[in-house]
Amino acid sequence: MTRTRLALAVAALTVGATAIAEPAMAQNEQFFPSLVYRTGPYAPNGVPFADGVADYWTLINERDGGINGVKIVFEECETGYATDKGVECYERLKGKGPTGAAYFSPLSTGITFALTEKVPGDKIPLLTQGYGRSESRDGTVFPWNFIALGSYWTAADVAVQYIAKEMGGLDKLKGKKITLVYHDSPYGKEPIAALEARAKKDGFTFKAVPVTHPGVEQKSQWLSIRQDRPDYVLLWGWGVMNSTAIKEAAAVAYPRDHMIGVWWSGAEPDVTPAGDQAKGYKALMLQHGPGEFKVHQDLKKYVISKGKGAAKDDFAQVLYNRGLINSMIGVEAVRTAQEKFGKKPLTGEQIRWGFENLNLTEARIKELGFEGMIKPLKFSCSDHQGADVARVQQWDGKNWKTISDYFTADQSVLGPMVKEHAAKYAKEHNITPRDCSKSS
Amino acid sequence: MFYREAGQFKTSYAADMAVFPLRQDRMVVYLFLLFAFIGMPLLARFNIGVFGQDYIFNGILIPLLILSLAAIGLNILTGYCGQISLGAGAFMGIGAYAAYNISLRVPGMPLLFFILLGGGVSALVGILFGIPSLRIKGLYLAVATLAAQFFFDWVFIRVGWVTNYSSSGSVNAPQLNFFGWVAERPIDRYLVCLLFVTIFAILAKNLVRGNLGRQWMAIRDMDIAAEIMGIRPLYAKLTAFAISSFIIGVAGALWAFVHLGSWEPLAFDIDKSTQILFMIIIGGLGSILGSFLGAIFILVLPIMIDLVPSAFGVQVSVQTVTNLNFVIVGALICALLIYEPRGFARLWGIAKEKLRLWPYPY
């Protein structure tokens, strides 16, 4: 009895050991890791994003035969939106493939914070599209972080600008009340600094109301909002928290068209569970919205119709499209790096150069089939955000409708904040900021 | 065959009182320690097998060692002294945030002291929250410690001073500089954790065999009888709370500084408490070895289940694996608690008895 148990234990250990020591992969391949959450309270939002990320990589392999002939190999690792699991996944995937991981996109602000400490040592870029540390825009202090398209501070600024436009001008904000309902985590807390700065500048009263993870319990928060009657409510939620917030707003009869969600609170899984109560709810767009564009035709032709796609009902939804864009930026960064370092599998350090010199012009975006989804994007040594614009969309009960033009975030407010926070980080970590006039 | 004890005579009281009275046990432990301290770094140095990868250290061994340490801490309180605590996560958090604040506000102090002082602060808070244990027992005490958990979750999130008014509520650990030696490579950080765990495991093992440990066990088995025999419940319970919280606090500081590097209050939420409690229940209440076995089961098994399909080249989607993981681990826990409620440590105890008698059982 003991012996069979022992044998079983030995067998289990051997399997485990071989599982860690995976066979080496073929040589002309670039490894792309994918940290996903397809289970847990945030899965409704994690799944479409992960599907978009995977399907674009598959498209590149199926349609173009890889990036200039270098095949994309990717692997998912489930984080469940938990930081420690995310770190474990990062460690698991970072060394795979002939040259190691190309870049990481954890889709979690908490994991981003933890990985920000680890990527400089491992020399792997971190692509955090529309989330993460707002001050990581400063490439001189954060050489490895790329907060593409926008930060939470951008979002907060654009939201205030939109409210001002609705009211008829920035001067009308004086004396008004804006309340932020936020997920009580680094993610939800990020915009507070920017909103406080705007409140001081524009003279509105700002109040922040936290909601504890995972956000299914927010009765008391909405009762206090009913008492307080703010003019606008900003929603910084994720996963089930968003639909709950909309339902609770309906319960206290707070007008939904005076609620503005961040771009992580503006997708289909956020509004559909609330049914008709969500009608009129607004949200920021990380430039793009839902719907099919030219790239989707290719996806249908090369990926979906061949049964190789990950997408199901989520095809062309907001977060699916965001996943596509995330992968597109990553793939284009690798392509840029290949121009300098050769058409072969590249290391994270070389791909970092590719990110930093990435220039997605209008023509290039059109060529890639993303016309109408995003505006031009250009990273540089000092600017790791590359764009500053966002729009607003509204849920009409069935679809998201774009209701505004592009707003540009006010750099006179945000620029000094980025500098100040980045300098604080640099001081804490004994980092000497790079001199961008010297590096290529 | 496995244990040939014939000829091992004990000629002194010290030999009789040894932690491992059998020579075979001693040898295994020495060999294991030798492997952990010298073999592992050598394997890593020469890139042999899986030990050449960072993952084995960063992904598995470091968290395993730190959580084992936390499990030892909780086992002292719950396993030896019988005081159920659901606040282990909070005490880890206190250790981590205390160490962070001391490192921030007392510049120039060596890192080792931050970590130990983090444990010290955690011990003080442990004593404070241990006071109710003099009046309330069992499940009611569990509820009181649960209150500690939620209270400190709140403190970490709400009190700005604790996080140095960080706008996001997330804080970063300083560089791991031990008296001029910077633990940067995974193997260095592994050795740091290993050293802490070894020292505390030896201390804990000796503590529970000594006067204090016997007092704790007397309190656990029947507090009224213990009191009649002259054991002061105040002293016994509060020392258990203090020492347990100290070890858990050190584990928390290591978790934050060595493992995560940057953390948010969510890293020390109720999930961490239950995870550690499960470790000691699965591993064996009142056993130092059990703390390690439980940590291996709770932490490493899910990772192994994750890795197995891809090792055989089977393509399974991550959500299937994750859900399977919950099912398999859950079922194993249930099975274990039905067939051996006293955990892995007891299983090992039975196995050892059989090995000693083999091949002539009676």
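Tutor: Here is a walk that begins at the contact between the chains and moves from there into chain A.

Please keep in mind that this is a predicted model. Let's begin with the contact itself. Chain B brings 32 residues to it, and chain A brings 36 residues. On the side of chain B that touches chain A, two or more residues come from each of α3 (54-80), β4 (262-263), α12 (288-311), α13 (318-339) and α14 (343-357) of chain B. Sorted by class, that side of chain B has 14 nonpolar, 15 polar and three charged residues.

Take B:Asp54, which is found in helix α3 of chain B. Is B:Asp54 buried or partly exposed? B:Asp54 is partly exposed, because 18 other C-beta atoms lie within 10 Å, and a buried residue would need 20 or more. Setting aside neighbours within four places in sequence, B:Asp54 is in contact with A:Glu91, A:Gly95 and B:Pro186. That list includes two residues of chain A and one residue of chain B. B:Pro186 is 132 residues away from B:Asp54 along the chain, yet their C-alpha atoms are separated by 6.2 Å.

Now look at B:Leu266, in the loop between β4 and α11 (270-283) of chain B. B:Leu266 counts as buried because it has 24 C-beta neighbours inside 10 Å. Apart from neighbours within four places in sequence, B:Leu266 is in contact with A:Thr83, A:Gly110, A:Ser185 and A:His213. Within chain B, B:Leu266 and B:Gly89 are 177 residues apart in sequence and 9.9 Å apart in space, C-alpha to C-alpha.

In soluble globular proteins, nonpolar side chains tend to be buried together. The largest nonpolar core here has 239 residues, and those that touch the most other members are A:Leu284, B:Leu69, B:Ala70, B:Ile247 and B:Leu254. Which element gives the largest share of this core? That is α3(B), with 18 residues. The core also takes at least three residues from each of domain 1 (3-151 + 289-389 + 421-438) and domain 2 (152-288 + 390-418) of chain A. To see one member up close, find B:Leu69: leaving out residues up to four places away in sequence, B:Leu69 touches B:Phe196, B:Val197, B:Phe200, B:Ile247, B:Val250 and B:Ala251.

A:Leu284 stands opposite A:Val392 in β12(A). Strand β9 (residues 282-285) of chain A pairs with β12(A) in the antiparallel sense, over four bridges. Strand β12 (residues 389-395) of chain A is mostly covered, with five of its seven residues buried. β12(A) also pairs with strand β13 (residues 400-402) of chain A, antiparallel and over three bridges, and here A:Gln394 has A:Lys401 as its bridge partner. β12(A) and β13(A) form a hairpin with four residues between them, and A:Gly397 in the turn has a positive phi of about 105 degrees. Strand β14 (residues 407-408) of chain A runs antiparallel to β12(A), joined by two bridges, with A:Thr408 as the bridge partner of A:Val389.

Seven bridges join β5(A) to the parallel strand β6 (residues 205-211) of chain A, where A:Pro210 is the bridge partner of A:Tyr182. Together with helix α6 (residues 186-202) of chain A, β5(A) and β6(A) make a right-handed β-α-β unit. β5(A) is also joined to strand β7 (residues 232-236) of chain A by five bridges, again in parallel, and A:Ile178 has A:Tyr232 as its bridge partner there.

Last, a word on the two domains of chain A. Their C-alpha centres lie 27 Å apart, and 31 residues of domain 1 are in contact with 32 residues of domain 2. On the side of domain 1 of chain A that touches domain 2 of chain A, the largest share, five residues, comes from α11(A). By class, that side of domain 1 has 14 nonpolar, 11 polar and six charged residues.

Notes:
Residues are numbered from 1 along each chain as its sequence is written. Chains are lettered from A and ligands numbered from 1 in the order in which they are written. This is a predicted model: local features need pLDDT of at least 70, side-chain atom pairs count only at pLDDT 80 or more; totals for chains, interfaces and linings use all residues. Two residues are in contact if their C-beta atoms, placed from the backbone, lie within 7 Å. Ala, Val, Leu, Ile, Met, Phe, Trp, Tyr, Cys and Pro count as nonpolar, Asp, Glu, Lys and Arg as charged, and the others, Gly among them, as polar. A nonpolar core is a set of buried Ala, Val, Leu, Ile, Met, Phe, Trp, Tyr and Cys residues joined through C-beta atoms within 7 Å. A residue is buried if 20 or more other C-beta atoms lie within 10 Å of its own, exposed if 12 or fewer, and partly exposed in between; C-beta atoms are placed from the backbone. Domain bounds come from an automatic or database domain assignment. Two strands pair if DSSP finds at least two bridges between them. A crossover is right-handed if, with the strands pointing away from the viewer, the path from the first strand over the helix to the second runs clockwise.
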